[in-house]
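The following exercises concern a single structure.

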Amino acid sequence: MTRFGVLISGSGTNLQAVINAIDTGLFEAEIPIVISSRQDAYGLVRAEKAGIPTLALTPDTYSNPWTADDLIVKTLTKANVDYVILAGYMRKALPPILSTFENRVINLHPSLLPAFPGANGVRDALEYGVKVTGVTVHFAVEQYDVGPIIAQQAVTIFEDDTLESLTNRIHEVEHELLPHVLKLFTEQRVHLDKNGIVRIL
């Protein structure tokens, strides 16, 4: 059975979407560990309610990000995870994670990459005036938000959209797209070709 380790920083709504997908039988998988970059992240409560072990890192731990990532790697390895999901994880994954889980770190980003990378993808798309944005699931690499794209789904921007309304609709799409992509991984249908392009078999 496929084992997904999940890294979070906040409310954990995408974590909850994955938990729900497993519980309802969308795909067979386990979440053996949830790791949070913040001790007050509500996603930790969601994990504990689902009976999932957690690790909450402290600001002191992140005073040296490489030390923090070494601890994350040790925790994920001990949990014997197959893939690492960055689900609203607001810190950059460094080489200790990326090399240990090469081509197995999956990130969720609230725009249609390569457009609007970075921490403010929703705001940037709205302020730029594009008419369509969306959600991207991609493999994380050392450079931020440029890894091979696994799946994307568009979200129309309406004339009366606010940052809050657009963010809410993007979250709704995230909660559908991420479980769909993880199902593909459990079915071993996601493959990188020799050019670094993701092919869904």
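**Exercise 1.** Determine where glutamine 188 is found and whether glutamine 188 is buried or exposed.

*Solution.* Step 1: glutamine 188 is found in the loop between helix 6 and strand 8 (190-192); helices (H or I, at least four residues) and strands (E, at least two) are DSSP runs, numbered from the N terminus. The model is a predicted one, in which local features need pLDDT of at least 70 and side-chain atom pairs count only at pLDDT 80 or more, while totals for chains, interfaces and linings use all residues. Residues are numbered from 1 along each chain as its sequence is written, and side-chain values use heavy atoms, with hydrogens and water left out.

Step 1: glutamine 188 has a relative accessibility of 64% and counts as exposed. Buried means under 20% relative accessible area, exposed over 50%, and partly exposed in between (1.4 Å probe, protein chains only).

Step 2: the phi of glutamine 188 is near 55°, a positive value in a residue other than glycine. Most residues other than glycine have a negative phi, and most peptide bonds are trans.

**Exercise 2.** Identify the network that salt bridges form around Lys183.

*Solution.* Step 1: a salt bridge is a side-chain nitrogen of Lys or Arg within 4 Å of a carboxyl oxygen of Asp or Glu. Lysine 183 forms one with glutamate 187, and the closest N and O atoms are 2.5 Å apart.

Step 1: lysine 183 is partly exposed at 25% relative accessible area, and glutamate 187 is partly exposed at 34%. Through salt bridges that share partners, Lys183, Glu187 and Arg189 are joined into one network.

Step 2: a search of the whole structure finds seven salt bridges. Among them is the pair of arginine 3 and glutamate 30, with the closest N and O atoms 2.6 Å apart. Arginine 3 lies in strand 1 (residues 2-8) and glutamate 30 in strand 2 (residues 29-36), so this pair ties together parts that are 27 residues apart in sequence.

**Exercise 3.** Describe how helix 5 and helix 6 are placed relative to each other.

*Solution.* Step 1: the axes of helix 5 (residues 121-128) and helix 6 (residues 163-186) come within 10 Å and cross at roughly 125°. Axes are lines fitted to C-alpha atoms, for helices over the stretch in contact, and angles run from 0 to 180 degrees between N-to-C directions.

Step 1: the two helices are therefore oblique to each other; angles under 35 degrees count as roughly parallel, over 145 as roughly antiparallel, 65 to 115 as roughly perpendicular and the rest as oblique.

Step 2: helix 5 contributes Val122, Arg123 and Leu126 to the contact, and helix 6 contributes Leu163, Leu166, Thr167 and Ile170. Contact means heavy atoms within 4.5 Å.

**Exercise 4.** Locate histidine 138 and state which residues histidine 138 touches.

*Solution.* Step 1: histidine 138 is found in strand 6 (residues 132-139) and, at 2% relative accessibility, counts as buried.

Step 1: not counting residues up to four places away in sequence, histidine 138 touches several residues, including Leu113 and Asp145.

Step 2: leucine 113 is joined to proline 114 by a cis peptide bond, with omega about 15°. Proline 114 has its place in the loop between strand 5 (105-109) and helix 5.

Step 3: aspartate 145 lies in the loop between strand 6 and strand 7 (149-156). Aspartate 145 counts as buried at 8% relative accessibility, and its phi is near 60°, a positive value in a residue other than glycine.
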